Amino acid sequence: MSRKERPLKAGGRVRVGQRMISVPSVPSMTDSDRLPQASGPAGASDRKPVIDRNAVQHLDRVRAIFRPTDSDHLAPGLERFIGKEDVFRRVGETDMASRGTQAMMQCPPNWPSDVTWVPIRDLEILEILEDQDIRAG
């Protein structure tokens, strides 16, 4: 794309050769003022709605997308994992000084070794893969 053309915007359209294609957009969980856009009739390839974080129990493994709510204090090397889908396991609770008790998720082994846990609020949970907590009833 040359400098003379307009910049790409998420959800917009751009010409590639003789075709016009849509630029994909990925909504953030921190954008509470944005409503999901209806792009047409739902098909078999559409994703299921995001799972409520409260549905994740103590020993659950989840398929989720990392979207940090506070990207100003992000550990070095984690920028490359933002917006990527991965598998996390809930490991327990921790007391966050300013935000109260937060559920913590174990990071996948391909993440940097100095980052072992992330708060559940930083994840967009797509699917619960295992529900092993027998205490949950």
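Student: How much of the protein chain is buried?
Tutor: Buried residues account for 26% of the 137 residues in the protein chain. This is a predicted model.

Student: What confidence does the chain average?
Tutor: The protein chain has an average pLDDT of 74, and 66% of the residues score at least 70.

Student: Where is it lowest, and where highest?
Tutor: In the protein chain, strand E1 (residues 13-16) has the lowest confidence, with a mean of 72. Strand E3 (residues 61-66) has the highest, at 91.

Student: What about low scores in general?
Tutor: Where pLDDT is low, predicted coordinates should not be read in detail.

Student: How many helices and strands are there?
Tutor: The protein chain has 0 helices and 7 strands. Along the sequence the pattern reads β-β-β-β-β-β-β.

Student: Back to E1. Which way do E1 and E2 run, parallel or antiparallel?
Tutor: E1 and strand E2 (residues 19-22) run antiparallel and are joined by 4 bridges. Opposite Ile21 in E2 stands Val14.

Student: And how many residues sit between the strands of that hairpin?
Tutor: The hairpin of E1 and E2 has 2 residues between the strands, and Gly17 takes a positive phi near 65° there.

Student: New topic: the largest nonpolar core. Which residues touch the most other members?
Tutor: The core has 17 residues, and those touching the most other members are Phe66, Phe88, Met105, Trp111, Val118 and Leu123. Two or more residues each come from E3, strand E5 (100-106) and strand E7 (123-130). E3 gives the largest share of this core, 3 residues.

Student: What is Met105 in contact with, leaving aside neighbours within four places in sequence?
Tutor: The contacts of Met105 include Val56, Val62 and Phe88. Also among them are Arg89, Arg90, Val91, Thr116, Trp117, Val118, Ile120 and Leu123.

Student: What share of contacts join residues at least 24 apart?
Tutor: Among contacts in the protein chain between residues at least 6 apart in sequence, the share is 54%.

Student: How much space lies in the second largest pocket?
Tutor: About 220 Å³. Its lining has 15 residues, with Asp70, His73, Leu74, Pro119 and Asp122 nearest the centre of the second largest pocket.

Student: Which strand gives the most to that lining?
Tutor: Strand E6 (residues 117-119) gives the most to the lining of the second largest pocket, with 3 residues.

Student: Last one, Leu59. Where does Leu59 lie?
Tutor: Leu59 is in the loop between E2 and E3. Leu59 counts as partly exposed because its relative accessible area is 32%, between the cut-offs of 20% and 50%.

Student: How far is Leu59 from Glu130?
Tutor: Leu59 and Glu130 are 71 residues apart in sequence, and C-alpha to C-alpha they are 7.8 Å apart in space.

Note on methods. Residues numbered from 1 in each chain as written. Predicted model: local features only at pLDDT ≥ 70, side-chain atom pairs only at ≥ 80, totals over all residues. Heavy atoms only, no water. pLDDT = per-residue confidence, 0-100. Pairing = 2+ DSSP bridges. Core = buried A, V, L, I, M, F, W, Y, C linked by side-chain atoms within 4.5 Å. Buried < 20%, exposed > 50% of the residue type's maximum accessible area, 1.4 Å probe, protein only. Contact = heavy atoms within 4.5 Å. 1 Å grid on protein atoms, 1.4 Å probe; cavity = no way out; pocket = protein on both sides within 12 Å on 5 of 7 lines; lining within 4 Å. Points joined across faces, edges and corners; volume = space filled by probe spheres on them.
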